[in-house]
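Thanks for making the time this morning.

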Amino acid sequence: MKKPHISIVVPMYNESEVAETCYQRLKAVMEQYQEEFRHELIFVNDGSRDDTLSIIKALAKEDDCLRVINFARNFGHQIAVTAGIHRAAGDAVVVIDADMQDPPELIPEMVAQWKEGYHVVYGQRQKREGETWFKLATAKGFYRILNKMTEVVIPMDTGDFRLMDRKVVDVFKNMPERSRFIRGMVSWIGFKQKALLYERKERFAGESKYPLHKMLKLAADGILAFSGKPVEWIRNSGLVITGISKIMFFIWLILLILGDTSLLFYSGWHSVLGILIGTQLLAMGILGEYLLRVYDEVRNRPLYIIDEEIPAKKARTGPRDWEQKTFGKIDIEAD
């Protein structure tokens, strides 16, 4: 019986302090289970400014199972994960970050669940070590708010650490949206999905690549990509403020007829005007976010540009129908 082929995708951005340790831990797990499945490692260098690229290129020279994808610039974590998934040739694809907060030792257990018939096995955090109270609180609140706003159930306390069956990967390849929230996209795809509970460790070296502004952008992408509730809120707010304004107008009209020029009332009227103007600006901002995403889609630019791929002979292997049809050839290849 042919052994299944597992692809492991690792996005990297300025991970020179952890790149080699990441490789060693992944390789140790893969070699321990080499009798059960074959593997390939795909390291995606997302425009790192440190020595990450040189380190993983050196590793690739010594290991035929390691592929390196080097972006022309920094495109972001979600795009780096996407590029790795696009090039993965395995029967199943595992996504894991380079910082090793998500333990690669769980991958064999994910593979075991996959063999039992699950199409997606995602890691769900029971405990998160080394996180600030602010990050823990905001992450917990975000997932609960998101699930109340969307029709798609996105598992709480999860990241992108997961295994996906080839069937799921092929559907994922046909989802070319730019504002990507991968854990939401995989939930939207469906099929049989199962959680694998674990404790997330503290990053052993380097710095987090998700500062506050990136967390906020990811949260916005998740909400705007999977919910129309913000537009409903705008509509409902407009109805409420319009009703209040009409009531205030009639009160003002009655007072005018009675000859009352109460300053207190006029102050209240001005407050209503302030609320109205603020709500309008907020509504324009929310609608603008949706329009910007539409504009980003219709420009039809490639999701990413590859400067170098190692080994070069494996470039653009595997089914890429949606990308060829939509973007044409996007790699920058040497003559």
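Predicted model: local features only at pLDDT ≥ 70, side-chain atom pairs only at ≥ 80, totals over all residues.

Residues are numbered from 1 along each chain as its sequence is written, and side-chain values use heavy atoms, with hydrogens and water left out.

Let me begin with the charged pairs. A salt bridge here is a side-chain nitrogen of Lys or Arg within 4 Å of a carboxyl oxygen of Asp or Glu, and a search of the whole structure returns eight of them. One of these joins R25 and E105, with 2.8 Å between the closest N and O atoms. That pair links distant parts of the chain, since R25 sits in helix α1 (residues 19-32) and E105 in the loop between β4 (92-95) and α4 (107-115), 80 residues apart. Helices (H or I, at least four residues) and strands (E, at least two) are DSSP runs, numbered from the N terminus.

For exposure, buried means under 20% relative accessible area, exposed means over 50%, and partly exposed is in between, using a 1.4 Å probe and protein chains only. On that scale R25 is partly exposed at 27%, and E105 is also partly exposed, at 42%.

K27 and D63 form another salt bridge, at 2.8 Å from N to O. Because K27 lies in helix α1 and D63 in the loop between α2 (52-62) and β3 (66-71), this pair ties together parts that are 36 residues apart in sequence. Here K27 is buried, with a relative accessible area of 10%, and D63 is buried as well, at 7%.

A further pair is E309 with R67, whose side chains meet at 3.0 Å, N to O. E309 belongs to strand β8 (residues 306-310) and R67 to strand β3, so the contact ties together parts 242 residues apart in sequence.

R87 brings us to helix α3 (residues 77-87), where eleven of the eleven residues are buried, so the helix is largely enclosed by the rest of the structure.

Finally, the cysteines: with a disulfide taken as a pair of cysteine sulfur atoms within 2.5 Å, the whole structure contains zero disulfides. C22 is buried at 0% relative accessibility, whereas C65 is partly exposed at 28%.
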